[in-house]
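Have the structure open while you read.

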Amino acid sequence: MKWEDFRQSDNVEDRRGDTQYASAGGSSGHLGLGAMVILGLIGYAFGIDPRLLIGGAEMVSQVTSGRQQQAAPSKPMGAPKDQMGHFVSAVLAENEDVWKDVLPAQANVRFVPAPVVLFNGQTRSACGAAQSAMGPFYCPEDRKIYLDTSFFNDMKNKFGGGGDFAYAYVISHEMGHHIQNLLGILPKAQAAQQNASSKAQANAISVRVELQADCLAGVWAANANEKWQVIEEGDVEKAINTAQSIGDDRLQKAGRGYAVPDSFTHGSSAQRVQWLERGLQSGKISSCNTFSQ
């Protein structure tokens, strides 16, 4: 993926190495402690990093609780100087430059940037405590994307899902949640989950939200490539491999030998690939209506 010559976004808040954030407490908001412990044991038994079993556990479900946590005070924002920070800032800039045109043109909605918060280990968000074990996530309450970049090392070392375009897909998936928020989809999903008649029904809503974010990541990539030819040979395959690697069915089968579809919160490997490819092929927000399927 071509990114080195692109502008750097200043909408990055770098909390890495800051002890006042590393010791932040609060509720994780997405998974209970018991679930995290169980997934940790499964990961240990099968040699899989628990962050990838829990991985991608965005805080969308935290919105359904209706509780806004006290966020940590913001640090000054700007483009980091290190290589990884430089990469994140460039991908964020590419997302901003695409969505500021695509969102008004296709949905008649003004794009408002979502800052990225970089952290190590844990920090605090308006949705509760952010922990690296939860994977990257978007907090609708403060409209920020939270990212511990060690997740990228896990993608590469444990599942072979590395590569710049695959990492950009992860960031753009979280930006997809922000686009959903700007479109008013997340509040509607919140209400639907609160009124769900069962946990399985609530999970099904979560799956649709997550698959739509996958599709919107594809929409970003399609439009970025049309503008700047950023996609190089092998990039799409690496992103698809990443989507397959973090499907609920593959993670559950790796952990316990079988999958329970009613417990899916992000979608199967096949679904994640399907919706990513749909966004890549169309470049249109309208192609990402997972709620009508």
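Contact here means heavy atoms within 4.5 Å. Keep in mind that this is a predicted model.

## Two helices side by side

Let's start with helix α8 (residues 185-194) and helix α9 (residues 199-228), whose axes sit 9 Å apart at an angle of about 165°. Angles over 145 degrees count as roughly antiparallel, so that's how α8 and α9 run relative to each other. Their crossing is left-handed.

Who touches whom? On the α8 side you'll find I185, L186, A189, A192 and Q193, and they meet A202, I205, S206, V209 and Q212 of α9.

## A buried asparagine

Next up is N181, which belongs to helix α7 (residues 164-183). Is N181 buried or exposed? Its relative accessibility is 11%, so N181 counts as buried; the cut-off for that is under 20%.

Leaving aside residues up to four places away in sequence, N181 touches Y138, P140, R143, L186 and P187. One of these, L186, also turns up among the α8 residues that meet α9.

## A strand with two faces

In a regular strand, side chains alternate between the two faces of the sheet.

A hairpin of two residues links β3 to β4. Strand β4 (residues 128-131) runs antiparallel to β3, and four bridges join them.

Technical notes
Residues are numbered from 1 along each chain as its sequence is written. This is a predicted model: local features need pLDDT of at least 70, side-chain atom pairs count only at pLDDT 80 or more; totals for chains, interfaces and linings use all residues. Side-chain values use heavy atoms; hydrogens and water are left out. Axes are lines fitted to C-alpha atoms, for helices over the stretch in contact, and angles run from 0 to 180 degrees between N-to-C directions. Angles under 35 degrees count as roughly parallel, over 145 as roughly antiparallel, 65 to 115 as roughly perpendicular and the rest as oblique. A crossing is left-handed if the near helix is turned anticlockwise from the far one by less than a right angle, and right-handed if clockwise. Two strands pair if DSSP finds at least two bridges between them. Buried means under 20% relative accessible area, exposed over 50%, partly exposed in between (1.4 Å probe, protein chains only).
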